[in-house]
Each structure stands twice: as structure tokens, then as C-alpha cells.
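Hi,

Here is the structure I promised to pass on.

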Amino acid sequence: MSANRAVLPDIAFERAHGAHLWDADGNRYIDFHAAFAPFLLGHNREEVNRAVIDVLRSGASLFGAGTTALEGELAELLCTSLPHLERVTFLNTGSEADATALRIARAVTGRTHFIKIQGGYNGNSDEFACNTADPIARIGPRVSPGEYACCPVGAGTVLGEARFSHAVNFNDLESVRWVCERYPIGAMVLEPVLQNVGVIPPVPGYLEGLRALADEYEFALIFDEVKTGFRHSVGGWAAVSGVTPDLAVYGKAVANGFPISLVGGKQRWMDQLRHPDPLKRPFVAGTYNGHPVGLSAAIATIKILKSATPDVYEHVGRLAALMEHGLREIFDRRGILAVVSRVNSAFSFYFMDHVPRDWHDLASHHDFDADLRLRRALVDRGVYAVPVPTKQWSISAAHTELDIKFTLEQLDGAFAQMKNGVTA
Ligand SMILES: Cc1ncc(COP(=O)(O)O)c(C=O)c1O
């Protein structure tokens with residue numbers, strides 16, 4: 001079973017609609033997990049499903065050669081809606097898209113070394129299967145400026161032999177410069193809001209500083225917007241921050257849960273995919289790339305995000321603010337040492353006294369045991385935030401004020417029930 005699905009308690013889910021999940025025993029849960037975040041519009045959103053059903057009925061298929069009108073339509077929609085995208089290519093998963101973006105950057109710069117974030121996740125490829133969210137005992141003392149030792153996730157990767165990845169803290173510009181002074185860096189890949197470990201926002205000036213370092217050392221700045229893309233705005237975090245990456249990677253919310261991902265960016269980088277010399281052209285391939293199911297779901301999703309009434313972003317932002325307010329009230333009233341970290345509809349709360357600056361800070365101070373016990377207690381109360389400490393809570397267009405009210409009541413009850421650990 002995939003690591004992301006091997007989660008206790010074992011529940012066999014059977015169906016989902018809107019903001020709710022049902023398990024095989026008929027229990028209903030309000031869903032804040034959103035399958036690791038794709039469901040910004042809620043599960044089985046009617047218009048998205050209809051677009052997929054229509055495309056299948058239309059006689060479209062996976063042709064396996066040439067291009068399609070749907071590909072053209074989605075490419076145009078993306079390049080006109082996200083100004084930092086001049087060219088896009090479609091794949092199926094975020095992992096493939098991250099690996100492809102890195103390959104493009106390496107092909108253009110001729111440099112193999114790259115920078116990643118300690119505690120960040122950029123897919124399951126060999127390149128990125130390291131330093132994702134290790135316990136502090138494995139990581140050791142804070143390193144800054146500098147880089148962390150490579151900590152592969154699991155066995156079987158080649159990371160130990162060919163060490164081209166350099167893990168630095170999020171929100172730490174000096175470490176990026178430190179690495180650039182020592183290695184020929186071709187790319188830096190990061191989530192512009194560190195959402196692999198909940199929600200850690202960039203400090204003011206961080207992304208702008210990375211842009212300047214990328215220009216100075218001539219590496220590709222790659223935003224992994226697999227989680228931030230479409231969730232925070234149609235233009236993703238690039239639009240929110242005003243910082244333009246060279247390449248950006250999208251997945252998850254782009255098609256509200258249907259499998260499609262994409263890499264896009266400035267012509268200078270993307271046109272390498274069409275280089276006349278085959279030996280200079282990065283290899284991109286995939287039997288299912290450009291599948292009409294993913295394409296039609298993405299087109300329908302983006303159209304809803306651009307024009308739905310009421311506005312999706314206004315709705316989810318308002319409910320998330322209610323949730324944040326309610327959580328703070330519970331923490332204050334019960335004397336719980338905790339902070340809420342929220343960016344728009346994505347949030348997490350940490351049992352520590354400040355919003356963490358990076359994974360090292362979080363891993364050093366958060367009460368992971370209390371977090372896990374709370375999440376498990378919530379499952380019994382009909383609220384599903386995946387029972388894995390720190391993981392992001394996501395609010396969708398399908399959640400209602402009543403859902404938030406019910407959830408806050410359950411949170412309050414769960415805190416009352418917890419015997420020890422979370423009170424200051
Ligand atoms: C930021 C980020 N990048 C990449 C990925 C990998 O995407 P996928 O699971 O579609 O391969 C994920 C998945 O959780 C992610 O959160």
C-alpha cells in the first residue's frame with residue numbers, strides 16, 4: 001500500500017460527496033483531509049464529473065499520438081490565466097511533473113546539483129526522496145548557513161551514491177547562498193508555502209530573495225505548486241506573492257481530484273523540450289499524458305474557479321477564518337499551548353508557542369503525540385483530518401458554516417477528553 005494510504009485507524013472508505021466521506025460501515029465524516037488537498041471544490045463536484053462523462057461519451061479517447069483540441073484548450077486557459085506560464089506540458093502526477101521540471105532545468109543549465117527544502121516534499125522520485133520530514137533525532141542540530149546531510153526516505157534509492165540534492169531550511173536565504181558558493185546549482189525546487197508539514201508561510205522577502213539569488217547564480221527557480229496551485233488563487237502562489245518562478249509544477253486542485261499534472265514556465269526554459277538537437281532535449285514521455293479525462297476535468301475546474309458565484313476563494317477564506325477564530329477561542333479558554341497557522345483555506349495548528357519558521361523549528365517544538373491523539377479522537381467524532389501529525393487541513397467550496405460549527409464542537413469535546421499532553 002502507498003505510504004500515504006497506510007494510516008491508522010484503518011478505515012475502508014466507500015463514497016464521498018461534497019464535504020463528506022462515508023466508510024463501509026456507513027459512518028459519515030466531515031472531510032478536512034481532502035485526499036491530501038485536491039478537493040478544493042469538494043468531492044464529486046457535479047460540473048467536473050459531467051465534463052468527464054461528456055468527454056467519454058463524445059468518443060474522445062487516449063489516442064497515443066498527436067495532440068488534441070482539449071490539450072490546446074487547457075494550454076490556452078492556463079497560459080492566459082497564469083501570467084508566468086508561457087508554455088505547458090501535461091503529465092499525470094505531481095511526482096512526474098517535479099522530476100520533469102528538474103530535468104528541464106538541468107538540461108538548460110548543464111548543472112546537476114539542486115537545492116531542496118528540509119521538510120519539503122516534491123514527489124517520490126529518487127531525486128526527491130530525501131529530507132522530507134524526518135524526526136529531529138535523525139536530523140540533528142540546526143544548520144544555518146549550510147546544508148543538512150542527505151536523509152533518504154526508505155530504501156532502494158540511489159541518493160547515497162549520487163548526491164546532487166542539497167537540503168536547506170525553508171525561509172533561509174543565507175543557506176541557499178552558502179550552497180551556491182560551493183556547488184554548481186542548476187535548480188532550486190520548493191513549495192512557496194511549505195505545506196508538506198502543515199502550513200508554514202514564507203517570511204516577507206524570502207521568495208523575492210530566492211528570485212534574486214536565482215538570477216545571480218543563474219539557476220532555475222522552480223515553484224512546486226502541487227499543493228499551493230489553484231488553492232490560494234487561480235494563479236497559485238506565484239500570483240499571490242508576485243514572485244515569478246522560471247518553472248512551476250501543478251497537480252491536485254487543478255482538476256479537483258482527477259489525475260493530471262503539468263509543468264509550465266517561461267519559454268526560455270520550456271522551449272528546451274523542443275530543442276532541435278535530440279541530445280539537448282529533456283526526455284518527457286508517458287502513455288497517459290494528455291488523457292481526455294484529466295484534461296476535461298481541469299478545464300471544468302479552472303472555469304468554475306474563475307467564475308463561480310459565490311466566489312470560491314471568498315467562501316473558503318471566510319469559513320477558514322471562522323475555524324481559526326474558533327480554534328483560538330478553544331485554546332485560550334482551555335489554556336492550551338498552541339498556534340494556528342493558516343493561509344487562506346489551508347491551515348494547521350501546532351502545539352508550540354510560535355508559528356514555525358521551518359521544519360527544524362517545528363520538529364524541535366511541536367507535540368507530535370498530542371497531535372496524533374487529537375486527530376484519532378476526531379475520527380471517532382465524525383471529523384476526518386488525516387491522523388498524521390502536522391498534516392494540512394483543507395476547507396472546500398462544499399463546506400458550510402454548520403460543518404465548521406460542528407467541527408469546532410467536536411474539537412472542543414476531543415480536547416476535553418484528552419487526558420494529558422496539550423495543556424500548558
Ligand atoms: C508539494 C507536492 N509536490 C509533489 C507531490 C507529488 O504529487 P503526486 O502525489 O501527485 O505524485 C505532492 C503530493 O503530495 C506534494 O504535496
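**Helix packing and other finds**

Let's start where two helices meet: from helix 10, Leu 319, Leu 322, Met 323, Gly 326, Leu 327, Ile 330 and Arg 334 touch Glu 401, Ile 404, Leu 408, Leu 411, Asp 412 and Phe 415 of helix 13. By type, the residues in this contact come out as nine nonpolar, one polar and three charged. Do keep in mind that this is a predicted model.

How do those two helices sit against each other? Helix 10 covers residues 312-334 and helix 13 covers residues 401-417, and their axes come within 10 Å and cross at roughly 20 degrees. Angles under 35 degrees count as roughly parallel, so helix 10 and helix 13 are roughly parallel to each other. The crossing of helix 10 past helix 13 is right-handed.

Helix 13 has another partner to look at, helix 12 (residues 368-380). Here the axes come within 9 Å and cross at roughly 120 degrees, so helix 12 and helix 13 are oblique to each other. Helix 12 also passes helix 13 in a right-handed crossing. On the helix 12 side you'll find Leu 374, Ala 377 and Leu 378, which meet Gln 410, Ala 414 and Gln 417 in helix 13. That contact holds four nonpolar residues, two polar and no charged.

Then there's the pair made by helix 5 (residues 173-182) and helix 6 (residues 206-217), whose axes come within 10 Å and cross at roughly 15 degrees. Helix 5 and helix 6 are therefore roughly parallel to each other, and their crossing is right-handed. Leu 173, Val 176, Arg 177 and Cys 180 in helix 5 pair up with Tyr 206, Gly 209, Leu 210, Leu 213 and Tyr 217 in helix 6. The tally for this contact is seven nonpolar, one polar and one charged.

Now for the ligand. Which residues come nearest to it? There are 14 residues around the ligand, and Thr 93, Gly 94, Ser 95, Gly 123 and Val 226 come nearest. Helix 3 (residues 94-109) gives the most to this shell, with three residues. Sorted by type, the shell has three nonpolar residues, seven polar and four charged.

- Leu 8 and Pro 9 are joined by a cis peptide bond, with omega about 0 degrees. Pro 9 sits in the segment before strand 1 (13-17).
- Ser 144 and Pro 145 are also linked by a cis peptide bond, with omega about -5 degrees. You'll find Pro 145 in the loop between helix 4 (136-139) and strand 6 (165-168).
- Ala 37 has a phi near 100 degrees, a positive value in a residue other than glycine. Look for Ala 37 in the loop between strand 3 (28-31) and helix 1 (46-57).

Stepping back to the whole protein, there are 13 helices and 14 strands. The C-alpha trace spans about 65 × 55 × 40 Å along its principal axes. Does the radius of gyration agree or disagree with that of a compact globule? A compact globule of 424 residues would have a radius of gyration near 22 Å, and the protein has 21 Å, so the two agree.

Over to you!

Methods:
Residues are numbered from 1 along each chain as its sequence is written. This is a predicted model: local features need pLDDT of at least 70, side-chain atom pairs count only at pLDDT 80 or more; totals for chains, interfaces and linings use all residues. Axes are lines fitted to C-alpha atoms, for helices over the stretch in contact, and angles run from 0 to 180 degrees between N-to-C directions. Helices (H or I, at least four residues) and strands (E, at least two) are DSSP runs, numbered from the N terminus. Angles under 35 degrees count as roughly parallel, over 145 as roughly antiparallel, 65 to 115 as roughly perpendicular and the rest as oblique. A crossing is left-handed if the near helix is turned anticlockwise from the far one by less than a right angle, and right-handed if clockwise. Two residues are in contact if their C-beta atoms, placed from the backbone, lie within 7 Å. Ala, Val, Leu, Ile, Met, Phe, Trp, Tyr, Cys and Pro count as nonpolar, Asp, Glu, Lys and Arg as charged, and the others, Gly among them, as polar. A residue is near a molecule or strand if its C-beta atom, placed from the backbone, lies within 6 Å of it. The radius of gyration is taken over C-alpha atoms; the globule rule is 2.2 Å times the number of residues to the power 0.38.
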